[in-house]
Amino acid sequence: MGNKYKINFLVYIFYRAGTKFRNFIFRKRLGKKRWSAKIIFSIMSFFELFEQGVYINSGETGRFDHYVSRLLLNRWRIAEIGTDKGKIFRWSRSKNSIEKVAISKVAGEIDWDMANAKGVPSDFIRKKLFAELLEDKASDVIKLINNSSFPDLTYLEESTLAVYVAHQITRVPLFYDYLLRFLSAGYSQKLIDYSDLGNKEALLKKVAYNEIGITYEQLQNQIKIMGGGKPQRLLLSLIIASDIAEKIGRRNLNILEVPTKSNDEFVISDNPVVFLDFERHTILHFVPWWEIGEKDFWIFMPISPKKAIFYSKLKNKDGPVEKDNNDLVQLLNFGQYPCCSDNVFSHNKDIIEKHLNFYNNELSYVRQR
């Protein structure tokens, strides 16, 4: 009993040291260069070994999990004070209506991030991975970008942001929908078997890395005849997000601002990361995750009504901040509507109405598909 207590105490000491180290690194904005960030990542990885040792599973179920982080949604709240502070305007494609709703009840589902460990509900992904690690640190980086005219991010901050964007891609229902289409396409072609769903190695090769060669075009009209349960969804989402983050991190980060003379603003949807495909000359309805890093995509995500980030292969000769590119602003805003599962959000009802009117012809075509 004494030895067990000593081991648990040491685990807790290392865990606390890791937490303090991580907070110190981000507070002092260290890791400016690639080499120093790699050293920091190595040290952080060592301390992360002790996370599971001190984690206490509450087993709490019935909680509403946001698949679009509240740290983003809150930037579109209608007011900073008063009764509208926690409210947002929501356009519903299925209802074709705009209503004022509580942020606490949008862009999420009950127990969306709840995993299962040996038959017991586990909130490790919800509480530790997302809330305490990823979202906490990404929030600081996003705040820095929103509050600065020319943010000079460290390599560590850029890497953190890339990881956050990657998980925002794979965490939403539309991604899950196409994951099921992918499994169904593989099964119908006898490239995936039901037994593969319980085989992590098979899921890695066949689905995460798409070694079976399913194409984006095949999935557009694919009927879902095969599906994985929540364990497979969570596992694949985490694996694919890790791969996407590495590929996004190799691209150039840019900041897109709404021009000062424009009366437009960014909106955000329940599938907020938009992909512009230069080979297909279109905005993709969903992300073919296996093509990231191979094909020429621009990857956009709004981070406030006035700012968005985007990743591209080429460096902008005029610097990473785009201040007067109204065409890109319109493109990103348009992408939020056809690429959403059902909802687009704003703090300004007039902005949504303006967009619906402006994009009416294109959206009519989308609704008919």
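Confidence in the chain is lowest in helix α3 (residues 51-54), with a mean of 62, and highest in strand β8 (residues 268-269), at 98; pLDDT is the predictor's confidence in each residue, from 0 to 100, and helices (H or I, at least four residues) and strands (E, at least two) are DSSP runs numbered from the N terminus. This is a predicted model, in which local features need pLDDT of at least 70 and side-chain atom pairs count only at pLDDT 80 or more, whereas totals for chains, interfaces and linings use all residues. Residues are numbered from 1 along each chain as its sequence is written, and side-chain values use heavy atoms, with hydrogens and water left out.

**Confidence**
- The mean pLDDT of the chain is 86, and 91% of its residues reach 70 or more.
- Where pLDDT is low, the predicted coordinates should not be read in detail.

**Helix packing**
- Helix α7 (residues 173-188) packs against helix α10 (residues 230-248) at an angle of about 105°, with the axes 11 Å apart; axes are lines fitted to C-alpha atoms, for helices over the stretch in contact, and angles run from 0 to 180 degrees between N-to-C directions.
- That angle makes α7 roughly perpendicular to α10, a term that covers 65 to 115 degrees.
- F175, Y176 and L179 of α7 meet R233, L236, S237 and I240 of α10, where contact means heavy atoms within 4.5 Å.
- The residues of this contact divide into 5 nonpolar, 1 polar and 1 charged.

**Second largest pocket**
- The second largest pocket has a volume of about 310 Å³.
- Of the 14 residues that line this pocket, P151, E158, L253, N254 and P320 are the closest to its centre; lining residues have an atom within 4 Å of a point on a 1 Å grid.
- Strand β7 (residues 252-257) gives the largest share of the lining, 4 residues, and the lining as a whole divides into 7 nonpolar, 4 polar and 3 charged residues.

**Loop residue D342**
- D342 lies in the loop between α11 (326-336) and β14 (343-346).
- Not counting residues up to four places away in sequence, D342 touches W91, S92, R93, S94 and D270.
- D342 and D270 are 72 residues apart in sequence, and 7.1 Å apart in space, C-alpha to C-alpha.

Note on methods:
Angles under 35 degrees count as roughly parallel, over 145 as roughly antiparallel, 65 to 115 as roughly perpendicular and the rest as oblique. Ala, Val, Leu, Ile, Met, Phe, Trp, Tyr, Cys and Pro count as nonpolar, Asp, Glu, Lys and Arg as charged, and the others, Gly among them, as polar. On a 1 Å grid over the protein atoms alone, a cavity is a set of points where a 1.4 Å probe fits but cannot get out, and a pocket is an open set with protein on both sides within 12 Å along at least five of seven lines; lining residues have an atom within 4 Å of a point. Grid points are joined across faces, edges and corners, and a volume is the space filled by probe spheres set on the points.
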